[in-house]
Amino acid sequence: MESSEQTVTATIGSFIDGLKKENPLQEAAVILVGSVARNAATANSDLDLLVIADRVQITRVADRLHIQVLTEAEMLRRLEAGDDFAAWCVRFGIPIVDSGAWNRIVSAPEAASWPDWRQKTVHAARRLVLASDLSKSGDQPAATEELLYATSHVGRAVLLKSQVFPLSRPEMITQLKEAGYPHISMILAELSFGQITEQGIRQAIAYVKKLLVHLDRAGFEAYSQSRLTARQRKSVPATTVS
Amino acid sequence: MRSKKQRTRVARQRLRTAREQWSQAAVHSWEPADPAECITKSFYSFENALSAALIATGRKETTRHYEKADLAAKLVADGILNTNIRKRLVELNDLRKDVQYGEPGAQLANTDLDDVVSELEAFLDEVESVIDDIEGK
């Protein structure tokens with residue numbers, strides 16, 4: 001039987017073979033990112049690759065392989081704007097193919113910038129509203145998943161604000177606990193390992209909302225207001241996170 | 001083991017959730033559109049509709065997204081459904097993940113939301129027919 005390490009190596013190998021066949025890769029880079037790059041993957045983790053290229057034809061070689069494509073200029077713009085995914089990639093990404101583009105990115109001054117934690121609160125608010133909607137409609141598995149995303153975003157915001165760089169999601173459980181946020185760490189663990197009840201989901205939504213408002217009241221209210229305005233324009237009753 | 005009546009009751013309940021999610025996805029496809037919310041709600045709606053078909057026909061469900069996509073193809077191979085949503089499920093799951101990372105990518109901006117919502121509506125009707133047939137309507 002193949003080990004998961006062998007499967008990862010084989011999947012990456014066949015992806016790169018396909019990529020080389022269909023594209024001239026003189027200026028491209030392929031970077032292993034996510035929990036697999038941190039050696040912290042769980043049974044539910046995807047294999048995440050970042051492709052840096054101007055124009056590229058991608059062939060899917062496995063369902064659990066998730067590819068994010070960005071140009072070198074987009075990557076630098078994201079770093080400058082305080083995007084934490086881009087910042088994560090330059091800190092922990094493992095280059096598998098690099099014809100120079102990745103080296104230029106990690107050597108650029110933008111690569112040293114600290115991500116803007118406020119961006120995470122906006123993403124968290126969006127996912128939290130989705131989780132709340134899904135929970136109200138009785139779809140608890142979907143609500144759990146969206147709540148996991150919302151909690152991860154809030155956790156990242158909290159850590160970035162405390163000058164701790166968030167690692168992969170499984171590792172953040174320990175990071176949050178050590179940074180003095182045991183409750184959000186516990187919620188993240190319960191959501192990650194599927195041990196949360198329906199009542200637990202409702203309580204977690206309320207807690208994450210409270211933490212979000214505490215972190216960035218203005219950002220949360222701005223998001224809620226923009227959502228309300230969009231719904232009013234469509235004459236749809238507004239939903240709130242309760 | 002569930003009786004046919006129990007199976008179709010649970011399947012209808014699941015289909016109702018799927019229709020509610022479709023209705024919300026449709027609203028988010030209108031201008032000013034919210035592509036991220038539209039594709040996320042559509043994804044869950046497709047999955048719930050698929051689960052409804054699996055439950056109604058007495059098949060085992062799964063919680064893993066990629067296994068659900070495989071089961072979607074299996075239902076077509078078994079002659080239960082005509083529409084194979086496997087590719088659509090994998091695509092929506094990818095788009096959803098792009099959104100999860102932060103800023104939605106170019107692929108999401110290029111996705112035709114009307115197409116997704118229309119395709120979903122037709123799929124919901126197809127699953128409803130499957131349940132109707134099992135109930136002998």
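**A helix pair, a sheet and a contact**

In chain A, α7(A) passes α10(A) in a left-handed crossing, meaning that the near helix is turned anticlockwise from the far one by less than a right angle (clockwise would be right-handed). Before going on, a word on the model: it is predicted, so local features need pLDDT of at least 70 and side-chain atom pairs count only at pLDDT 80 or more, while totals for chains, interfaces and linings use all residues. Residues are numbered from 1 along each chain as its sequence is written, and chains are lettered from A and ligands numbered from 1 in the order in which they are written.

Back to the helices. α7(A) covers residues 140-161 and α10(A) residues 198-233; they pack at an angle of about 30°, with their axes 10 Å apart. (Axes are lines fitted to C-alpha atoms, for helices over the stretch in contact, and angles run from 0 to 180 degrees between N-to-C directions.) That makes α7(A) roughly parallel to α10(A), since angles under 35 degrees count as roughly parallel, over 145 as roughly antiparallel, 65 to 115 as roughly perpendicular and the rest as oblique. On the α7(A) side, the residues that meet α10(A) include L147(A), V154(A) and V158(A), and among those they meet are I201(A), V208(A) and L215(A). By class, this contact has 13 nonpolar, three polar and one charged residues.

Now for the sheet. Four strands of chain A form an open sheet in the order β3-β2-β1-β4, with mixed pairing; two strands pair if DSSP finds at least two bridges between them. Its edge strands are β3 (65-70) and β4, each pairing on one side only. Neighbouring strands are turned by 20° against each other on average, direction ignored.

β1(A), residues 29-33, is largely enclosed by the rest of the structure, because four of its five residues are buried (20 or more other C-beta atoms, placed from the backbone, within 10 Å of a residue's own). β1(A) pairs with β2(A), residues 47-52, in the antiparallel sense over five bridges, and there L32(A) stands opposite L49(A). With β4(A), residues 94-98, β1(A) is antiparallel over four bridges: A29(A) stands opposite D98(A), and V30(A) has V97(A) as its bridge partner.

Finally, where the chains touch, the contact takes 24 residues from chain B and 20 from chain A, counting residues whose C-beta atoms, placed from the backbone, lie within 7 Å. On the chain B side, α4(B) gives the most, with six residues.

Key:
Buried ≥ 20, exposed ≤ 12 C-beta atoms within 10 Å, placed from the backbone. Helix = DSSP H or I, 4+ residues; strand = E, 2+ residues; numbered from the N terminus. Contact = placed C-beta atoms within 7 Å. Nonpolar A, V, L, I, M, F, W, Y, C, P; charged D, E, K, R; others polar.
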